[in-house]
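Here's a quick walk through a protein model, written for someone who likes to know the cut-offs. Have the viewer open as you read.

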Amino acid sequence: MLKVFVSFSDADRTLVDGMSRAAQRLGGIELYRFDHDPRPGAELSEKVKDAIRNADLFLVLLTHRSRRSTWVQQEIGIAAGAGKAIVPVVQSGVEVKGVLEGREYIQMDATDPTDGLVRAVRHLERVARKREAEAAAKREAERQRNTAIAFLAITFLIIAGSKD
């Protein structure tokens, strides 16, 4: 399961809702949204930091509204500081600055964001499939290693037993 922290402005909630539904239908992708993780009494900044640290990937929805959000800017900084892979989805007309400057991003049209959001979800799907393939290859290599060790142990016991 690919764990993705989604950073966005509350004003862009409907955009993220659509992306969440699409990712859910695909499976293999868990989008973390702070607003879907109620922890009454918890320190919000710690909750967000923990979620970013536990994520495999950080996706930020940069719109005219989120560009002004101090939370979104702090979350980007936390993700960068934690060395997370950051995937910006940038609304047309929004200037990319700071730690995101020079980073490849997914363009999203301001008047029709659907295409940009679909490309973002497809990117997440590719990353999730790649991670699963890598995990499967690692499991197979471990299985082969264990088989080889078992074979060597049996061979050793046979050779040791034949000397008696």
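What follows goes from the overall layout to the helices and then to the salt bridges.

## Ground rules

This is a predicted model, so local features need pLDDT of at least 70 and side-chain atom pairs count only at pLDDT 80 or more, while totals for chains, interfaces and linings use all residues. Residues are numbered from 1 along each chain as its sequence is written, and side-chain values use heavy atoms, with hydrogens and water left out.

## Overall layout

The protein chain has 4 helices and 5 strands; these are DSSP runs numbered from the N terminus, with helices being H or I of at least four residues and strands E of at least two. Reading from the N terminus, the order is β-α-β-α-β-α-β-β-α. The radius of gyration is 22 Å, well over the 15 Å that the globule rule gives for 164 residues, so the chain is more spread out than a compact globule. For the record, that radius is taken over C-alpha atoms, and the rule is 2.2 Å times the number of residues to the power 0.38. Along the principal axes, the C-alpha atoms fill a box of roughly 80 × 40 × 30 Å.

Of the 164 residues, 34% are buried, where buried means under 20% relative accessible area, exposed over 50%, and partly exposed in between (1.4 Å probe, protein chains only). The accessible surface comes to about 10,100 Å², with 54% of that belonging to carbon and sulfur atoms; areas come from the Shrake-Rupley method with a 1.4 Å probe, and for residues only the protein chains shown count as cover. Contacts (heavy atoms within 4.5 Å) reach well along the chain: among those between residues at least 6 apart in sequence, 64% join residues at least 24 apart.

## Helix α1

Helix α1 takes in residues 13-26, and at 1.5 Å a residue its 14 residues should span 20 Å, which agrees with end C-alpha atoms 20 Å apart. The expected span here is 1.5 Å times one less than the number of residues. Its buried residues are L15, V16, M19, S20 and A23. They cover an arc of only 130° around the axis, which puts them on the same side of α1; the arc is that of the directions from the helix axis to the C-beta atoms.

What sits over that buried side? The cover includes β1 (2-7), β2 (29-32), β3 (57-62), β5 (106-108) and α4 (114-162). The face of α1 turned the other way carries the exposed residues T14, Q24 and R25. Just after the helix, G27 takes a positive phi of about 80°.

## Helices α2 and α3

In α2, the buried residues are K47, V48, A51 and I52. They cover an arc of only 130° around the axis, so they share a side of α2. Their cover includes β1, β2, β3 and α3.

## Salt bridges

Side chains of opposite charge can pair when their charged atoms come close. The whole structure has 15 salt bridges, counted when a side-chain nitrogen of Lys or Arg is within 4 Å of a carboxyl oxygen of Asp or Glu. One of them joins D12 and R65 at 2.5 Å, N to O. D12 lies in the loop between β1 and α1 and R65 in the loop between β3 and α3 (70-81), so the pair ties together parts 53 residues apart in sequence. D12 is buried at 0% relative accessibility, whereas R65 is partly exposed at 40%.

Another bridge joins D17 and R33 at 2.7 Å, N to O. D17 is in helix α1 and R33 in the loop between β2 and α2 (44-54), so this pair ties together parts 16 residues apart in sequence. D17 counts as partly exposed at 23%, and R33 as buried at 3%. R33 also forms a salt bridge with D35, the closest N and O atoms being 2.9 Å apart; D35 is partly exposed at 22%. Salt bridges link D10, R13, D17, R33 and D35 in a network.
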